[in-house]
Amino acid sequence: MRRAGKGLLSLALMDARNHSLRWLSAWEEVLDDPELTVPLHPEVNPPLWTLGQIGWFQEHWISRNLQRHRGPRADPASPRLASIEPLADAWFDTSLVPHDAHWLLDLPGPQATREYLFDTLETTLELLEHAGEDDDALYFFRLALFHEDAQSEVFAGLAQTLGLDSGMVRLPGSAAAREPLLFPATAWHLGAEPGGFAFDNERPMHLQAIPGFEIDTQPVTWAQYCEFVEDGGYDEAAWWSTEGWAWVQREGRRCPRHVDQMRQGVLLRRFGRLTRVPLAQAVMHVNWYEADAWCRWAGRRLPSELEWEHAAHAGASRGFRWGQAWEWTASSFRPYPGFQPGPVPGAPASAWAAHKVLRGASFATRDRLRHPKLRNPQPPQRDDLFSGFRSCAV
């Protein structure tokens with residue numbers, strides 16, 4: 001999809017919008033409120049705000065953007081055409097509306113939101129039909145598609161956080177255990193190759209040397225993580241970084257988030273239902289501190305971004321599997337050498353170095369968005385995501 005032409009892109013945009021509308025219907029069913037309100041929470045947004053922002057993002061960067069044909073070279077500060085919704089910017093422009101204010105907005109209701117989503121997509125498809133075929137001309141159409149696909153996982157995370165079964169998410173599977181893979185020292189082109197679409201933090205591609213390393217073929221499982229918990233892993237400061245141990249003490253955590261029991265099996269609250277999780281599944285809802293602590297306890301370490309990306313490509317035919325859970329890496333989020341920011345604001349400047357990078361995808365990630373070059377920077381304490389990890393030999 002990163003190199004999709006106009007025909008395939010048009011179908012994908014329609015599919016993404018239909019999926020968003022199915023989420024809207026799902027929220028109407030599971031939330032006992034005509035305005036789909038949810039409690040204020042630092043990690044989530046109200047469903048109607050997220051749905052409206054999907055339409056706003058597409059409209060803002062495509063139909064209202066007179067420089068859309070320039071792609072990543074477009075000036076983000078250039079004048080915009082007016083929105084079809086006069087209050088759209090006041091509601092959905094994240095540079096104008098802080099997170100906590102999303103609950104205070106007088107947002108349009110479900111039906112008005114549906115109409116906004118229908119209307120913005122109709123205009124997008126008309127403009128796509130008359131767009132050029134080159135990467136610059138299609139850049140914002142591809143970006144809007146991936147932005148909308150990403151919100152589907154945001155909705156899945158919201159359903160998990162609130163304990164609601166939307167019926168919209170396929171559950172994760174299990175993978176057969178395999179021996180770790182050995183990779184000899186080599187050099188690898190880290191980042192996205194030229195051509196097609198890439199997020200700005202994936203470029204430019206650059207060559208880096210990699211010492212030889214051993215890496216797990218699949219993420220650490222619940223069975224493996226249970227051993228750490230049963231061995232008192234959350235009670236021993238020696239396994240934790242200074243920041244991680246402070247987090248454990250502050251949160252009073254003794255197991256991963258959403259877990260009710262980790263002895264004689266794992267009982268996990270998945271979308272509000274107490275579920276016995278297969279021990280062969282990837283451990284989930286762990287933050288970077290927990291992943292790092294498990295590795296110290298096991299005498300292993302987290303892979304770097306470079307190692308993970310190389311293994312995902314070179315190990316694909318040797319049993320390297322990813323996609324059950326987002327995977328924490330040892331790497332702090334930093335720009336690649338020669339980085340040039342794109343027109344759409346990405347992670348804030350405070351995220352550089354302060355965030356850690358997740359790689360891969362989760363069971364809730366839409367297939368189009370999955371890509372071995374994709375970087376997902378997040379604060380190390382974040383554990384509401386469908387996040388796990390794999391390890392490397394020290």
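Predicted model: local features only at pLDDT ≥ 70, side-chain atom pairs only at ≥ 80, totals over all residues.
Student: How many helices and strands does the chain have?
Tutor: Both kinds of element are present in this chain. The count is nine helices and 13 strands.

Student: Why is the chain called as compact as a globular protein of its length?
Tutor: The globule rule gives 21 Å for 394 residues. The chain is close to that value, so it counts as that compact. Its C-alpha atoms fill a box of roughly 60 × 50 × 35 Å along the principal axes. The radius of gyration of the chain is 21 Å.

Student: What part of the accessible surface belongs to carbon and sulfur atoms?
Tutor: The accessible surface of the chain comes to about 16900 Å². Carbon and sulfur atoms hold 54%.

Student: How are H6 and H8 oriented to each other?
Tutor: H6 spans residues 222–230 and H8 spans residues 288–298. Their axes come within 10 Å and cross at roughly 80°. Angles of 65 to 115 degrees count as roughly perpendicular. H6 and H8 are therefore roughly perpendicular.

Student: Which residues of H8 make the contact with H6?
Tutor: H6 brings Gln 224, Tyr 225, Glu 227 and Phe 228. The residues of this contact divide into five nonpolar, one polar and two charged. From H8 come Glu 290, Ala 293, Trp 294 and Trp 297.

Conventions: Residues numbered from 1 in each chain as written. Heavy atoms only, no water. Axes fitted to C-alpha atoms, helices over the stretch in contact; angles between N-to-C directions. Helix = DSSP H or I, 4+ residues; strand = E, 2+ residues; numbered from the N terminus. Parallel < 35°, antiparallel > 145°, perpendicular 65-115°, else oblique. Contact = heavy atoms within 4.5 Å. Nonpolar A, V, L, I, M, F, W, Y, C, P; charged D, E, K, R; others polar. Rg over C-alpha atoms; globule rule 2.2 N^0.38 Å. Areas by Shrake-Rupley, 256 points an atom, 1.4 Å probe, with all protein chains shown as cover.
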